[in-house]
There are 2 protein chains.
Amino acid sequence: MTATQELTKNQSLVFDALARADGPLSAYTILDQLRNDGFRAPLQVYRALDKLLDYGMIHRLESINAFVACAHPHTHSHGHGMIAFAICEKCGQVSEFSDDIITGRVREWTNSNGFKQSKTTIEIRGVCANCGTA
Amino acid sequence: MTATQELTKNQSLVFDALARADGPLSAYTILDQLRNDGFRAPLQVYRALDKLLDYGMIHRLESINAFVACAHPHTHSHGHGMIAFAICEKCGQVSEFSDDIITGRVREWTNSNGFKQSKTTIEIRGVCANCGTA
DNA sequence: TGACAAATGTAATAACATCACATATCGAAA
DNA sequence: TTTCGATATGTGATGTTATTACATTTGTCA
Ligand SMILES: [Zn+2]
Ligand SMILES: [Zn+2]
Ligand SMILES: [Zn+2]
Ligand SMILES: [Zn+2]
């Protein structure tokens, strides 16, 4: 659980698959890519994904049931701010950004409503600049 | 498609199921509740849900694969602002709110990145005030 | 009436995720 | 070094969520 997490074999395989992809992958897509590495069952993927999420090395995109390597590999865990994802529905590209003002506004709402937040998802669906000009 | 949408039979049944629930329901839970009303297949539910989403009468909670009646029944479509949901993981209660500053910050990011947003999801997972004091 | 759009019924299948149980691997304590 | 517990892995079955494909019905309007 240090800056550069020591990964097990399966965790490394799954992380590498995500890291070399140019966009988000579903668990079953990862499974198919790793058949030649000995993967046979969904749980092998899901267990590795769970750990990588714990370590902050990947993110889950709730709105498309897919996973993506963190775009800020040297800033794991993103402090305590929340992360927003812009997901292009044409090419699949995902842009990751954080915004202190949004983080602050959300925290204001939760504080004034006595709500203890554990995880916050912000996902913007649409068409990226490249695909929009096509 | 007027202020109070004229609903078909299936749409009414699905909407009423959501409206009388005290929290979000999955499509299959709705299906089970409507067996006695003649529902037999998932598609009957999903087709009604799609229309109700179009009409802005319900929302889909991406992070839990569930649906909830809009908490602002007389303000369908919420103008053009985005809506945030606070979802209690203990009791399932969902609070719906919108925030012009968050909406503005998201729009600033999309504008300056040439990203055309179509739908934006903000979901805060955690524990509500009631459940937190228990 | 005829024609078209919208809604519905039904079965099958696809896509996503977890449970249950057995086995293996590794490091620390005795 | 042996034993033990925690972590990781292998595998099949199952559970959950959503869509495809095709047939039929219903409502609207010329
Ligand atoms: Zn990240
Ligand atoms: Zn794109
Ligand atoms: Zn609403
Ligand atoms: Zn609660």
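Reader: How many residue pairs are in polar contact across the interface of chain B and chain A?

Author: The rule finds 12, both residues at pLDDT 80 or more. A polar contact is a pair of N or O atoms within 3.5 Å; within protein, one must be able to donate a hydrogen and the other to accept it, and residues adjacent in sequence count only if both atoms are side-chain atoms. This is a predicted model: local features need pLDDT of at least 70, side-chain atom pairs count only at pLDDT 80 or more, and totals for chains, interfaces and linings use all residues. Residues are numbered from 1 along each chain as written, chains are lettered from A and ligands numbered from 1 in written order, and side-chain values use heavy atoms, without hydrogens and water.

Reader: And how many salt bridges between chain B and chain A?

Author: Two. That means a side-chain nitrogen of Lys or Arg within 4 Å of a carboxyl oxygen of Asp or Glu. One of them joins A:Asp99 and B:Arg105, at 2.8 Å, N to O.

Reader: How many residues does each chain put into the contact?

Author: Chain B gives 33 and chain A gives 33, with contact meaning heavy atoms within 4.5 Å. The copies meet through the same surface, because 100% of the interface residues of chain B are also interface residues in chain A.
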